[in-house]
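Dear colleague,

Please find the structure below, handed over for your reference.

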Amino acid sequence: MQDLPIHALMPIAHRPDIVFSHGQGSWLVDTRGKRYLDFVQGWAVNGLGHSPPALVRAISEQAEKLINPSPAFYTEPMILLADALCRHSAFDKVFFANSGAEANEGAIKLARKWGRLHPRADGAARFEIVTFDNGFHGRTLATMSASGKPGWDTMFAPQVLGFKKARFNDIESVKALINDDTIAVMLEPIQGEAGVIPATDDFLRELRELTRQRGLLLIADEVQTGCGRTGRLFAHQYAGIEPDIMTLGKGIGGGVPLAALLCRDEVSVFEPGEQGGTYNGNPLMTAAGLVVFGELSAPGFLENVVRLGDVLRDRLLTLSEEFGFEGERGVGLLRALKLGRDIGPQIVEKAREFAPEGLLLNAPRPDLLRFMPALNVGEDEIEKMADMLRAVLRSIL
């Protein structure tokens with residue numbers, strides 16, 4: 001670290017005194033040669049782990065052929081990935097973006113365009129979107145305004161207008177916020193940054209019925225929960241519902257900047273020039289997405305995610321009972337250990353410093369740990385994580 005000019009980087013994160021040099025699967029290695037078992041994976045980004053051979057090969061082969069001719073032209077990877085996403089979902093149209101926040105920004109724009117085409121009785125455009133307390137939709141001004149993360153309403157004030165916050169899993173609170181200006185309801189099927197809080201199946205079904213009755217769009221933000229993370233391709237499928245709009249990010253690229261905005265045919269109301277981006281849908285990124293989606297849709301892959309999620313759940317419950325915690329929650333390989341006390345950041349630091357091998361964990365709230373391993377993590381690696389975490393906890397408690 002002393003030889004590297006880290007002063008040139010904006011301090012937008014509290015980065016530890018580590019420089020990672022390479023990784024493979026569930027493991028990262030720093031420039032000193034220390035290995036770390038990674039149960040964060042770029043915040044649920046590396047669904048196939050670090051540098052999976054098939055992904056590396058696809059990126060390398062595509063880079064030799066064509067990287068970015070501009071989104072004003074068709075390319076084969078763009079077309080094939082869009083087709084695969086539509087064939088395996090309830091949606092008909094895809095717009096590719098570079099991040100989950102950008103996809104969510106596009107969803108907000110699409111809903112507002114829909115609100116202009118389907119206005120109030122007096123002809124005024126509908127524009128308000130009901131979102132939820134503690135929700136997280138990204139870091140652009142609009143997606144921060146849509147989010148319900150405490151403190152974000154003042155961080156870069158004034159906010160973008162038009163977002164009202166309901167209570168998660170409370171259908172009556174949603175009904176109370178709907179008015180003549182409302183055009184959509186937007187939510188995460190599992191609130192990840194809030195601490196892995198799932199929407200109940202009944203709530204999602206009630207929300208789908210309510211939005212249909214009131215002529216509103218339902219937007220599912222599956223940036224963290226989509227692409228196999230929960231053991232289904234998309235988390236909303238557990239409730240048996242079909243949203244009007246869905247956003248994907250993180251896992252769809254397997255580590256490269258790729259995201260997607262999907263919608264049904266009748267909601268696809270953007271006209272040429274209303275939405276775009278310099279790198280959107282470029283063949284290098286969509287070639288990577290094709291490899292990832294091919295793995296996710298392979299026979300038995302998602303069933304194995306469910307199995308591994310059960311293994312992780314059981315190990316976390318064992319730790320919870322052993323140390324007097326408050327249990328765990330989550331779906332598939334997106335899970336949280338409820339600590340019942342504000343020791344999460346301390347555990348994260350101790351686990352990272354653990355020797356001879358470190359453990360990478362995440363504490364989105366001080367009273368819990370979040371686990372987002374690779375979707376092809378080994379059962380032995382889950383066991384090793386649990387053993388390492390147990391040793392860390394014994395050193396703290």
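To begin with one residue of this predicted model: Phe203 has a relative accessibility of 2% and therefore counts as buried, the cut-off being under 20%. Phe203 forms an aromatic pair with Phe132, with 5.9 Å from centre to centre and 80° between the planes, and the pair is edge-to-face. Because Phe132 belongs to strand β5 and Phe203 to helix α8 (residues 201-213), this pair ties together parts that are 71 residues apart in sequence.

Phe132 has a further partner. The ring centres of Phe132 and Phe168 are 5.8 Å apart and the planes stand at 80°, so this pair is edge-to-face. Strand β5 (residues 128-132) holds Phe132, while Phe168 lies in the loop between β6 (163-166) and α7 (171-177); the pair therefore ties together parts that are 36 residues apart in sequence.

As to burial, Phe132 is also counted as buried, because its relative accessibility is 3%. Phe168, with a relative accessible area of 15%, is buried because the cut-off is under 20%. Through ring pairs, Phe132, Phe168 and Phe203 are linked into a cluster. A search of the whole structure gives six aromatic pairs, among them the two described above.

Two contacts between a charge and a ring may also be noted. The charged end of Arg35 is placed over the ring of Trp27, at 3.8 Å from the ring centre. Likewise, Arg232 has its charged end over the ring of Tyr238, 4.5 Å from the centre of that ring.

Yours sincerely

Notes
Residues numbered from 1 in each chain as written. Predicted model: local features only at pLDDT ≥ 70, side-chain atom pairs only at ≥ 80, totals over all residues. Heavy atoms only, no water. Phe/Tyr/Trp six-rings, centres within 6.5 Å; stacked < 30°, edge-to-face > 60°. Helix = DSSP H or I, 4+ residues; strand = E, 2+ residues; numbered from the N terminus. Buried < 20%, exposed > 50% of the residue type's maximum accessible area, 1.4 Å probe, protein only. Lys NZ or Arg CZ within 6 Å of the ring centre and 35° of its normal.
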